[in-house]
Amino acid sequence: MSLTFLGIESSCDDTAAAVVREDGTILASVVAGQTDLHADFGGVVPEIAARAHAEKLDLCVEQALSEAGVALRDLDGIAVTAGPGLIGGVLAGVMLAKGLAVGTGLPLVGVNHLAGHALTPRLTDQVAYPYLMLLVSGGHCQFLSVSGPEDFTRLGGTIDDAPGEAFDKVAKLLGIPQPGGPMVEEAAQRGNPKRFAFPRPLLDRPGCDMSFSGLKTAILRQRDELVAAQGGLHEQDRDDICAGFQAAVADVLAEKTRRALAIAPAPTLAVAGGVAANQTLRAALQAVAAEAGAAFVAPPLRLCTDNAAMIAWAGIEAYNAGQRDGLDLMARPRWPL
Ligand code: KG4
Ligand code: ZN
(Lines give C-alpha, C1' and ligand atoms only; values in the text may rest on other atoms or scores of the structure.)
(Ligands and ions follow the chains in the order given, each with its own letter.)
Protein backbone atom coordinates (compact mmCIF):
# COMPACT_ATOMS: atom_id res chain seq x y z
CA MET A 1 0.00 0.00 0.00
CA SER A 2 1.25 3.46 -0.89
CA LEU A 3 2.41 5.53 2.09
CA THR A 4 0.99 8.99 2.77
CA PHE A 5 3.11 11.49 4.72
CA LEU A 6 2.53 14.92 6.17
CA GLY A 7 5.49 17.26 5.58
CA ILE A 8 6.29 20.34 7.66
CA GLU A 9 8.78 23.05 6.65
CA SER A 10 9.73 26.19 8.61
CA SER A 11 13.49 26.62 8.26
CA CYS A 12 13.59 30.06 6.62
CA ASP A 13 10.80 32.46 5.69
CA ASP A 14 8.18 30.10 4.28
CA THR A 15 5.75 28.29 6.55
CA ALA A 16 4.67 25.17 4.71
CA ALA A 17 2.73 21.94 5.12
CA ALA A 18 2.01 19.25 2.53
CA VAL A 19 0.49 15.82 2.13
CA VAL A 20 2.30 13.57 -0.32
CA ARG A 21 1.87 9.96 -1.39
CA GLU A 22 4.63 7.48 -2.03
CA ASP A 23 3.60 7.27 -5.70
CA GLY A 24 4.53 10.95 -6.08
CA THR A 25 1.02 12.39 -5.86
CA ILE A 26 1.01 15.73 -4.07
CA LEU A 27 -2.40 15.76 -2.40
CA ALA A 28 -1.84 19.26 -0.98
CA SER A 29 1.04 21.72 -0.70
CA VAL A 30 0.41 24.87 1.30
CA VAL A 31 3.09 27.58 1.44
CA ALA A 32 2.60 30.77 3.44
CA GLY A 33 5.39 33.26 2.71
CA GLN A 34 6.56 36.01 5.04
CA THR A 35 8.03 38.45 2.52
CA ASP A 36 5.83 41.33 3.77
CA LEU A 37 6.91 40.85 7.38
CA HIS A 38 10.59 41.22 6.53
CA ALA A 39 10.28 43.81 3.73
CA ASP A 40 11.32 46.80 5.86
CA PHE A 41 14.46 45.08 7.15
CA GLY A 42 16.31 44.16 3.93
CA GLY A 43 16.52 40.49 4.92
CA VAL A 44 14.88 37.76 6.97
CA VAL A 45 14.73 38.68 10.68
CA PRO A 46 15.06 35.38 12.60
CA GLU A 47 12.89 36.38 15.58
CA ILE A 48 10.08 37.66 13.36
CA ALA A 49 10.31 34.52 11.23
CA ALA A 50 10.13 32.22 14.27
CA ARG A 51 7.06 33.96 15.67
CA ALA A 52 5.29 33.87 12.32
CA HIS A 53 6.02 30.15 11.95
CA ALA A 54 4.73 29.48 15.46
CA GLU A 55 1.52 31.37 14.65
CA LYS A 56 0.89 29.85 11.22
CA LEU A 57 2.24 26.29 11.24
CA ASP A 58 -0.78 24.57 12.77
CA LEU A 59 -3.11 26.46 10.43
CA CYS A 60 -1.01 25.40 7.42
CA VAL A 61 -1.16 21.77 8.57
CA GLU A 62 -4.92 22.02 9.04
CA GLN A 63 -5.32 23.54 5.58
CA ALA A 64 -3.07 20.93 3.92
CA LEU A 65 -5.01 18.05 5.51
CA SER A 66 -8.31 19.63 4.56
CA GLU A 67 -7.24 20.26 0.93
CA ALA A 68 -5.90 16.70 0.71
CA GLY A 69 -9.12 15.31 2.17
CA VAL A 70 -7.02 13.30 4.61
CA ALA A 71 -7.43 12.98 8.39
CA LEU A 72 -4.41 12.70 10.68
CA ARG A 73 -5.33 9.09 11.40
CA ASP A 74 -5.13 8.26 7.67
CA LEU A 75 -1.45 9.27 7.51
CA ASP A 76 1.49 6.88 7.69
CA GLY A 77 4.06 9.30 9.04
CA ILE A 78 5.10 12.85 9.80
CA ALA A 79 8.21 14.36 8.23
CA VAL A 80 9.64 17.63 9.46
CA THR A 81 12.60 19.81 8.52
CA ALA A 82 15.00 19.43 11.45
CA GLY A 83 17.68 21.73 9.95
CA PRO A 84 19.70 23.42 8.66
CA GLY A 85 18.09 26.83 9.01
CA LEU A 86 17.07 29.61 11.38
CA ILE A 87 16.81 27.77 14.66
CA GLY A 88 13.64 29.42 16.01
CA GLY A 89 11.68 28.45 12.93
CA VAL A 90 13.11 24.92 12.80
CA LEU A 91 12.22 24.47 16.50
CA ALA A 92 8.64 25.58 15.87
CA GLY A 93 8.27 22.92 13.16
CA VAL A 94 9.98 20.17 15.12
CA MET A 95 7.90 20.84 18.25
CA LEU A 96 4.67 20.71 16.26
CA ALA A 97 5.73 17.50 14.52
CA LYS A 98 6.62 15.87 17.86
CA GLY A 99 3.26 16.89 19.31
CA LEU A 100 1.41 15.43 16.33
CA ALA A 101 3.48 12.23 16.47
CA VAL A 102 2.81 11.75 20.17
CA GLY A 103 -0.88 12.54 19.78
CA THR A 104 -1.40 10.16 16.87
CA GLY A 105 1.24 7.50 17.48
CA LEU A 106 2.50 8.04 13.92
CA PRO A 107 6.20 7.62 13.05
CA LEU A 108 8.29 10.80 13.08
CA VAL A 109 11.07 11.44 10.53
CA GLY A 110 13.45 14.42 10.79
CA VAL A 111 14.53 15.64 7.34
CA ASN A 112 17.52 17.68 6.25
CA HIS A 113 16.16 20.67 4.29
CA LEU A 114 18.90 20.26 1.69
CA ALA A 115 17.99 16.59 1.20
CA GLY A 116 14.44 17.81 0.59
CA HIS A 117 15.66 20.01 -2.28
CA ALA A 118 18.07 17.37 -3.54
CA LEU A 119 15.45 14.59 -3.72
CA THR A 120 12.77 16.74 -5.41
CA PRO A 121 13.58 15.45 -8.94
CA ARG A 122 12.56 11.98 -7.74
CA LEU A 123 9.20 13.33 -6.58
CA THR A 124 8.52 15.30 -9.75
CA ASP A 125 10.21 13.21 -12.46
CA GLN A 126 10.91 9.80 -10.91
CA VAL A 127 14.63 10.38 -11.60
CA ALA A 128 16.65 7.24 -10.82
CA TYR A 129 19.80 7.21 -8.69
CA PRO A 130 22.52 8.29 -9.29
CA TYR A 131 22.15 11.85 -10.56
CA LEU A 132 23.96 15.15 -10.32
CA MET A 133 22.12 17.88 -8.45
CA LEU A 134 22.93 21.57 -8.65
CA LEU A 135 21.26 23.23 -5.69
CA VAL A 136 21.12 27.00 -6.18
CA SER A 137 19.09 29.16 -3.83
CA GLY A 138 19.33 32.29 -1.70
CA GLY A 139 21.24 30.42 0.97
CA HIS A 140 22.82 27.49 -0.83
CA CYS A 141 24.97 26.67 -3.81
CA GLN A 142 26.43 23.21 -4.19
CA PHE A 143 26.90 20.25 -6.47
CA LEU A 144 25.72 16.96 -5.01
CA SER A 145 26.18 13.55 -6.48
CA VAL A 146 23.02 11.82 -5.24
CA SER A 147 23.21 8.03 -5.01
CA GLY A 148 20.48 7.29 -2.44
CA PRO A 149 18.12 8.98 0.03
CA GLU A 150 20.97 9.30 2.51
CA ASP A 151 23.87 9.09 0.12
CA PHE A 152 25.07 12.52 -0.99
CA THR A 153 28.58 13.43 -2.11
CA ARG A 154 29.34 17.13 -2.18
CA LEU A 155 31.53 17.91 -5.20
CA GLY A 156 31.93 21.62 -4.53
CA GLY A 157 30.03 24.77 -3.82
CA THR A 158 30.27 28.48 -3.20
CA ILE A 159 33.06 29.71 -0.97
CA ASP A 160 31.15 32.92 -0.17
CA ASP A 161 27.70 34.11 -1.33
CA ALA A 162 25.00 31.91 -2.83
CA PRO A 163 23.84 33.02 -6.31
CA GLY A 164 20.37 34.00 -5.06
CA GLU A 165 21.98 36.17 -2.43
CA ALA A 166 24.05 37.80 -5.19
CA PHE A 167 20.89 38.44 -7.25
CA ASP A 168 19.24 40.00 -4.19
CA LYS A 169 22.27 42.16 -3.37
CA VAL A 170 22.69 43.33 -6.98
CA ALA A 171 19.01 44.34 -6.98
CA LYS A 172 19.64 46.36 -3.84
CA LEU A 173 22.74 48.05 -5.34
CA LEU A 174 20.71 49.09 -8.39
CA GLY A 175 17.64 50.22 -6.47
CA ILE A 176 15.57 47.36 -7.90
CA PRO A 177 12.85 46.14 -5.51
CA GLN A 178 12.99 42.72 -3.83
CA PRO A 179 12.62 39.84 -4.51
CA GLY A 180 15.85 40.49 -6.38
CA GLY A 181 16.06 37.31 -8.45
CA PRO A 182 12.92 37.64 -10.56
CA MET A 183 13.23 41.43 -10.85
CA VAL A 184 16.87 41.27 -12.00
CA GLU A 185 15.92 38.56 -14.51
CA GLU A 186 13.16 40.77 -15.88
CA ALA A 187 15.52 43.76 -16.21
CA ALA A 188 18.15 41.52 -17.84
CA GLN A 189 15.67 40.60 -20.58
CA ARG A 190 15.76 44.22 -21.74
CA GLY A 191 19.53 44.55 -21.35
CA ASN A 192 22.66 43.92 -23.38
CA PRO A 193 24.74 41.22 -21.66
CA LYS A 194 27.87 42.23 -23.60
CA ARG A 195 28.05 45.94 -22.67
CA PHE A 196 29.88 45.31 -19.39
CA ALA A 197 32.54 42.63 -18.98
CA PHE A 198 32.01 41.31 -15.47
CA PRO A 199 34.39 38.70 -14.03
CA ARG A 200 33.82 34.93 -14.04
CA PRO A 201 35.30 34.17 -10.60
CA LEU A 202 37.27 30.95 -9.96
CA LEU A 203 36.97 29.66 -13.53
CA ASP A 204 40.77 29.61 -13.61
CA ARG A 205 40.83 27.22 -10.66
CA PRO A 206 40.23 23.50 -11.04
CA GLY A 207 37.29 21.82 -9.34
CA CYS A 208 33.70 22.81 -8.68
CA ASP A 209 34.03 25.54 -6.08
CA MET A 210 32.47 28.89 -6.92
CA SER A 211 32.53 32.48 -5.69
CA PHE A 212 29.97 35.22 -6.27
CA SER A 213 30.94 38.00 -3.89
CA GLY A 214 33.60 39.47 -6.22
CA LEU A 215 31.01 39.75 -8.96
CA LYS A 216 28.87 41.85 -6.66
CA THR A 217 31.86 44.13 -5.94
CA ALA A 218 32.52 44.52 -9.68
CA ILE A 219 28.92 45.62 -10.13
CA LEU A 220 29.16 48.11 -7.29
CA ARG A 221 32.26 49.59 -8.96
CA GLN A 222 30.54 49.77 -12.35
CA ARG A 223 27.51 51.46 -10.80
CA ASP A 224 29.67 54.06 -9.02
CA GLU A 225 31.62 54.74 -12.22
CA LEU A 226 28.43 55.40 -14.15
CA VAL A 227 26.98 57.55 -11.38
CA ALA A 228 30.19 59.62 -11.23
CA ALA A 229 30.29 60.06 -15.02
CA GLN A 230 26.62 60.86 -15.69
CA GLY A 231 25.17 61.82 -12.32
CA GLY A 232 22.96 58.74 -12.01
CA LEU A 233 21.87 55.47 -13.57
CA HIS A 234 19.64 55.38 -16.65
CA GLU A 235 17.08 52.62 -17.04
CA GLN A 236 19.19 51.13 -19.84
CA ASP A 237 22.30 51.09 -17.60
CA ARG A 238 20.41 49.10 -15.00
CA ASP A 239 19.11 46.65 -17.57
CA ASP A 240 22.59 46.20 -19.11
CA ILE A 241 24.21 45.64 -15.71
CA CYS A 242 21.55 43.05 -14.84
CA ALA A 243 22.06 41.29 -18.18
CA GLY A 244 25.86 41.29 -17.74
CA PHE A 245 25.58 40.01 -14.18
CA GLN A 246 23.12 37.26 -15.08
CA ALA A 247 25.32 36.16 -18.00
CA ALA A 248 28.34 35.94 -15.67
CA VAL A 249 26.43 33.85 -13.09
CA ALA A 250 25.10 31.55 -15.83
CA ASP A 251 28.58 31.16 -17.37
CA VAL A 252 30.15 30.24 -14.02
CA LEU A 253 27.40 27.80 -13.09
CA ALA A 254 27.46 26.23 -16.57
CA GLU A 255 31.24 25.74 -16.63
CA LYS A 256 31.33 24.35 -13.09
CA THR A 257 28.46 22.01 -13.97
CA ARG A 258 30.46 20.80 -16.96
CA ARG A 259 33.31 19.97 -14.58
CA ALA A 260 31.01 18.32 -12.03
CA LEU A 261 29.62 16.07 -14.77
CA ALA A 262 33.18 15.17 -15.78
CA ILE A 263 34.12 14.31 -12.16
CA ALA A 264 30.92 12.39 -11.40
CA PRO A 265 29.32 11.33 -14.69
CA ALA A 266 25.58 10.82 -14.31
CA PRO A 267 22.71 10.07 -16.67
CA THR A 268 20.73 13.05 -15.29
CA LEU A 269 21.52 16.61 -14.31
CA ALA A 270 18.87 18.10 -12.04
CA VAL A 271 18.51 21.56 -10.51
CA ALA A 272 16.64 22.83 -7.48
CA GLY A 273 16.46 25.97 -5.35
CA GLY A 274 14.92 29.35 -6.10
CA VAL A 275 17.59 30.42 -8.61
CA ALA A 276 16.66 27.40 -10.76
CA ALA A 277 13.67 29.53 -11.77
CA ASN A 278 16.01 31.65 -13.90
CA GLN A 279 15.37 30.96 -17.59
CA THR A 280 18.83 32.00 -18.83
CA LEU A 281 20.42 29.69 -16.29
CA ARG A 282 18.07 26.84 -17.17
CA ALA A 283 18.93 27.20 -20.86
CA ALA A 284 22.68 27.23 -20.11
CA LEU A 285 22.43 24.12 -17.92
CA GLN A 286 20.26 22.33 -20.44
CA ALA A 287 22.97 22.91 -23.06
CA VAL A 288 25.67 21.54 -20.72
CA ALA A 289 23.56 18.45 -20.01
CA ALA A 290 23.00 17.89 -23.73
CA GLU A 291 26.77 18.17 -24.38
CA ALA A 292 27.40 15.48 -21.76
CA GLY A 293 24.58 13.28 -23.08
CA ALA A 294 22.66 13.69 -19.81
CA ALA A 295 18.97 14.31 -19.36
CA PHE A 296 18.07 17.66 -17.78
CA VAL A 297 15.41 17.89 -15.08
CA ALA A 298 14.15 21.14 -13.57
CA PRO A 299 11.18 20.69 -11.23
CA PRO A 300 8.28 23.14 -11.51
CA LEU A 301 9.05 26.43 -9.81
CA ARG A 302 6.75 25.94 -6.82
CA LEU A 303 8.74 22.79 -5.99
CA CYS A 304 12.14 24.45 -6.66
CA THR A 305 11.57 27.05 -3.95
CA ASP A 306 10.96 26.19 -0.30
CA ASN A 307 7.94 23.94 0.21
CA ALA A 308 6.82 21.05 2.40
CA ALA A 309 6.03 18.56 -0.39
CA MET A 310 9.77 17.98 -0.79
CA ILE A 311 10.06 17.39 2.97
CA ALA A 312 7.19 14.88 2.97
CA TRP A 313 8.82 13.12 0.00
CA ALA A 314 12.30 13.04 1.58
CA GLY A 315 10.58 11.73 4.73
CA ILE A 316 8.98 8.87 2.79
CA GLU A 317 12.33 7.96 1.21
CA ALA A 318 14.11 8.07 4.59
CA TYR A 319 11.31 6.07 6.23
CA ASN A 320 11.59 3.41 3.54
CA ALA A 321 15.35 3.34 4.21
CA GLY A 322 14.57 2.61 7.88
CA GLN A 323 14.80 6.02 9.55
CA ARG A 324 12.63 6.60 12.64
CA ASP A 325 13.05 9.49 15.04
CA GLY A 326 11.93 9.90 18.63
CA LEU A 327 11.27 12.80 20.95
CA ASP A 328 15.03 13.32 21.14
CA LEU A 329 14.99 14.62 17.52
CA MET A 330 17.10 17.78 17.58
CA ALA A 331 16.53 21.00 15.66
CA ARG A 332 19.89 21.78 14.07
CA PRO A 333 20.89 25.24 12.79
CA ARG A 334 23.82 23.65 10.90
CA TRP A 335 23.59 20.28 9.28
CA PRO A 336 25.79 19.58 6.26
CA LEU A 337 24.59 16.76 4.04
O1 KG4 B 1 15.06 28.29 -2.61
P2 KG4 B 1 14.58 29.65 -2.23
O3 KG4 B 1 13.11 29.94 -2.32
O4 KG4 B 1 14.97 30.00 -0.76
C5 KG4 B 1 16.18 29.71 -0.19
O6 KG4 B 1 17.10 30.51 -0.40
O7 KG4 B 1 16.27 28.64 0.48
O8 KG4 B 1 15.40 30.68 -3.12
C9 KG4 B 1 15.21 32.08 -3.05
C10 KG4 B 1 16.29 32.76 -3.86
C11 KG4 B 1 16.29 34.25 -3.70
O12 KG4 B 1 17.60 34.70 -3.45
C13 KG4 B 1 15.77 34.76 -5.04
O14 KG4 B 1 16.27 36.02 -5.39
C15 KG4 B 1 16.28 33.69 -5.99
O16 KG4 B 1 16.11 32.48 -5.26
N17 KG4 B 1 15.47 33.67 -7.22
C18 KG4 B 1 15.98 33.91 -8.45
C19 KG4 B 1 14.89 33.87 -9.34
N20 KG4 B 1 13.75 33.59 -8.62
C21 KG4 B 1 14.14 33.47 -7.32
N22 KG4 B 1 17.23 34.16 -8.85
C23 KG4 B 1 17.42 34.36 -10.17
N24 KG4 B 1 16.44 34.36 -11.08
C25 KG4 B 1 15.15 34.12 -10.72
N26 KG4 B 1 14.17 34.12 -11.62
ZN1 ZN C 1 15.56 25.97 0.56
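The following legends describe close-up views of a predicted model.

**View 1. The largest nonpolar core of the model.** This core comprises 113 residues, of which Ala 18 and Ala 312 touch the most other members. Helix H8, spanning residues 235-263, gives the most to the core, with twelve residues. Because domain 1 (4-122 + 304-320) and domain 2 (129-302) both give residues to the core, it lies between them.

**View 2. The surroundings of Ala 18.** Residues up to four places away in sequence are not counted in this view. The contacts of Ala 18 include Gly 7, Ile 26, Ala 28, Ser 29, Val 30 and Ala 64. Ala 18 also touches Asn 307, Ala 308, Ala 309 and Ala 312. Of these, Ala 312 is named together with Ala 18 as touching the most other members of the largest nonpolar core.

**View 3. An open sheet of five strands.** The strands follow the order E8-E7-E6-E9-E10, and their pairing is mixed. Strand E8 (151-157) and strand E10 (295-297) stand at the edges with a single partner strand each, so one side of each has no neighbour in the sheet. From one strand to the next, the twist averages 25°.

**View 4. The pairing of strands E7 and E8.** Strand E7, residues 141-148, runs antiparallel to E8 and is joined to E8 by six bridges. Gly 148 has Asp 151 in E8 as its bridge partner.

**View 5. Helix H9 packed on the sheet.** Helix H9 (residues 279-291) touches strand E6 (131-136), strand E9 (268-272) and E10. The direction of helix H9 makes about 155° with that of E10.

Note on methods: Residues are numbered from 1 along each chain as its sequence is written. Chains are lettered from A and ligands numbered from 1 in the order in which they are written. This is a predicted model: local features need pLDDT of at least 70, side-chain atom pairs count only at pLDDT 80 or more; totals for chains, interfaces and linings use all residues. A nonpolar core is a set of buried Ala, Val, Leu, Ile, Met, Phe, Trp, Tyr and Cys residues joined through C-beta atoms within 7 Å. A residue is buried if 20 or more other C-beta atoms lie within 10 Å of its own, exposed if 12 or fewer, and partly exposed in between; C-beta atoms are placed from the backbone. Helices (H or I, at least four residues) and strands (E, at least two) are DSSP runs, numbered from the N terminus. Domain bounds come from an automatic or database domain assignment. Two residues are in contact if their C-beta atoms, placed from the backbone, lie within 7 Å. Two strands pair if DSSP finds at least two bridges between them. Axes are lines fitted to C-alpha atoms, for helices over the stretch in contact, and angles run from 0 to 180 degrees between N-to-C directions.
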